[in-house]
Amino acid sequence: MKVEKARPEIVDKIIQEAGQRFGVLQAREGVHATDAIYCLRKAYWNKIDPLPPTKEELMYYLLGLGLQTALLGGDNQALAKKDGIIISPDYFKDGILAELKTTRMSEKRIEELGIPDGWKKQLMAYAYVLGVTSAVIIMINYISTEIIPRVLYFDKEELEDNWNSIANRGAILTVALATNRVPEPLNEVWESKNCRYNLR
């Protein structure tokens with residue numbers, strides 16, 4: 001047998017077709033909670049003049065969506081809207097809110113660093129809008145296939161503070177989209193590191 005180290009065109013074609021099938025390459029309508037949590041400029045460009053995701057980003061999306069489809073039955077749809085912000089949790093049934101996250105972090109690393117702030121803000125936003133005070137986060141390490149579940153409990157004040165921040169940032173993004181003006185950067189340093197919009 002002869003094995004050739006090569007990347008035939010069909011490899012990228014299969015990945016691109018999967019991205020199209022899952023809607024990864026399409027801009028979402030409206031302002032979602034995650035648009036208002038992370039970099040507003042990236043959210044703006046994703047809606048106004050999107051660049052295709054990098055190969056790495058596309059694979060992260062596909063890994064997450066593939067697991068979500070297998071475990072939860074498909075893409076999550078917009079469930080509710082408040083203050084112009086759309087929420088679309090992975091799971092909400094019988095008052096139980098849950099979100100699936102794929103990660104390279106091990107359980108030990110999560111214990112050391114904690115659950116990423118963006119994930120916590122996202123779950124707090126969903127909990128606030130849905131009127132619940134807890135959420136289950138299911139983190140799956142896609143290297144080791146380790147399942148790392150946690151239950152997060154929120155108090156009313158932190159839910160309100162988080163929502164006010166998201167609603168404010170969502171309003172800034174909404175105005176930017178309506179006026180065709182790129183919003184001022186309100187992001188974390190790590191978000192800019194490998195951003196596909198850096199040249200803009």
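A pocket is an open set of points, on a 1 Å grid over the protein atoms alone, with protein on both sides within 12 Å along at least five of seven lines, and its lining residues have an atom within 4 Å of a point. The model is predicted, with local features needing pLDDT of at least 70 and side-chain atom pairs pLDDT 80 or more, while totals for chains, interfaces and linings use all residues. Residues are numbered from 1 along each chain as its sequence is written, and side-chain values use heavy atoms, without hydrogens and water.

**View 1. The second largest pocket.** This pocket holds about 170 Å³ of space, a volume being the space filled by probe spheres set on the points. Of its twelve lining residues, C39, R41, C195, Y197 and N198 lie nearest the centre. Helix α3 (40-48) and helix α8 (189-193) each supply at least two lining residues; helices are DSSP runs (H or I, at least four residues) numbered from the N terminus. The largest share, three residues, comes from α3.

**View 2. Helices α6 and α7.** Helix α6 (residues 117-130) packs against helix α7 (residues 156-179) at an angle of about 105 degrees, with axes 9 Å apart. Axes are lines fitted to C-alpha atoms over the stretch in contact, and angles run from 0 to 180 degrees between N-to-C directions. The two helices are therefore roughly perpendicular (65 to 115 degrees).

**View 3. Residue N162.** N162 is found in helix α7 and, at 9% relative accessibility, counts as buried (under 20% relative accessible area, with a 1.4 Å probe and protein chains only). Leaving aside neighbours within four places in sequence, N162 is in contact (heavy atoms within 4.5 Å) with K121, M124 and A125.

Definitions and conventions: Angles under 35 degrees count as roughly parallel, over 145 as roughly antiparallel, 65 to 115 as roughly perpendicular and the rest as oblique. On a 1 Å grid over the protein atoms alone, a cavity is a set of points where a 1.4 Å probe fits but cannot get out, and a pocket is an open set with protein on both sides within 12 Å along at least five of seven lines; lining residues have an atom within 4 Å of a point. Buried means under 20% relative accessible area, exposed over 50%, partly exposed in between (1.4 Å probe, protein chains only).
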